[in-house]
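Let's take a walk through this model, one spot at a time. Have the sequence and the 3D view open side by side.

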Amino acid sequence: MNHLVSPSILASDFGNLQRDIEMLNSSEADWIHVDVMDGLFVPNISFGFPVVEKVKQHAQKPLDVHLMIVDPDRYLERFSKAGADIITVHFEACTHLNRTVNAIKELGCKAGVALNPHTPVALLDDIIEYLDLVLIMSVNPGFGGQKFIPNTYKKIADLVKLSSGRNENVYIEIDGGVDEKNAQLLIETGANVLVAGNSVFSAPNPIAAISKLKH
Ligand code: DX5
Ligand code: ZN
């Protein structure tokens, strides 16, 4: 599978959100990564439904919605209605993960599970067959622009092993501190979706930065 790039609009200019989404439409980005934070699961608040709806209105690419919220079951339907194509919930935020994953699929969305840096990949052993996507956090969630945690490579290798022969097509998405320096090794290790916030939106030429992450 050729790898995908999912720029995170957390690092975009919220005062010019339409402009930034149109930039992503005209770029080689595959998905648009939408980080929702509730101030409880993570120590930061980002944005909610009205913003996701506006993003959807302008976006010509699938919305890859990453829910950093407690008890996400309460809001799955609303995020689906707001325009999410992929909904990723945190392993650490779900008591009945199998039920949550089924609920996401019943809404017609692809279902992802995110792991915090300290959460072992092995905990997915009894659910890996049911997942469309696993998001490996390569920073502690809550903020853009943090330093990449190198243990991520080991976790990607663990996930490749776990999914091999059981769910070969699972998306292995890496989120946090991804840039043109670590992108290639991430892909070689087995990642197939790269999220990038600051390395795209702080670049002098974001379209060129996305293209570098793609090739
Ligand atoms: C962090 C978010 C990330 C963030 C990545 O909690 O999940 O998606 O936007 O930003 P960068 O690429 O700047 O680390
Ligand atoms: Zn994210």
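For the record, a disulfide is a pair of cysteine sulfur atoms within 2.5 Å, and a search of the whole structure turns up zero of them. C94 is in no disulfide either, with the sulfur of C109 as its nearest cysteine sulfur. C109 has a relative accessible area of 7%, so it is buried, and C94 counts as buried too, at 12%. (Buried means under 20% relative accessible area, exposed over 50%, partly exposed in between, with a 1.4 Å probe and protein chains only.)

A quick word on ground rules. This is a predicted model, where local features need pLDDT of at least 70 and side-chain atom pairs count only at pLDDT 80 or more, while totals for chains, interfaces and linings use all residues. Residues are numbered from 1 along each chain as its sequence is written, chains are lettered from A and ligands numbered from 1 in the order in which they are written, and side-chain values use heavy atoms, with hydrogens and water left out.

Now find the zinc ion (ligand 2). H33 (NE2), D35 (OD), H66 (ND1) and D175 (OD) coordinate the zinc ion (ligand 2) at 2.1 to 2.3 Å. Donors here are N, O and S atoms within 2.8 Å of the metal (3.2 Å for Na, K and Ca), and since water is not among the atoms, sites may look incomplete. What arrangement do the six donor atoms make? It's octahedral, because they subtend angles of 70 to 170 degrees around the zinc ion (ligand 2). Along the chain, the donor residues follow the spacing H-x1-D-x30-H-x108-D.

Next, the aromatics. The structure holds five aromatic pairs, meaning rings of Phe, Tyr and Trp (its six-membered ring) with centres within 6.5 Å; planes under 30 degrees apart count as stacked, over 60 as edge-to-face and the rest as tilted. One of them is F49 with F79, a tilted pair because the planes are at 45 degrees, with centres 4.5 Å apart. F49 lies in helix α2 (residues 49-58) and F79 in helix α3 (residues 76-82), so the pair ties together parts 30 residues apart in sequence. Helices (H or I, at least four residues) and strands (E, at least two) are DSSP runs, numbered from the N terminus. Ring pairs also bring in Y75, linking F49, Y75 and F79 into a cluster.

Finish at strand β6 (residues 133-137), where five of five residues are buried. L133, L135 and M137 cover one side, V134 and I136 the other. In a regular strand the side chains alternate between the two faces of the sheet. Two strands pair if DSSP finds at least two bridges between them. β6 pairs in the parallel sense with strand β5 (residues 110-115) over four bridges, and G112 has L133 as its bridge partner. Five bridges join β6 to strand β7 (residues 171-175), also parallel, with I136 partnered by I174.

Definitions and conventions
Tetrahedral: all angles 85-135°; square planar, octahedral: opposite > 155°, others 65-115°.
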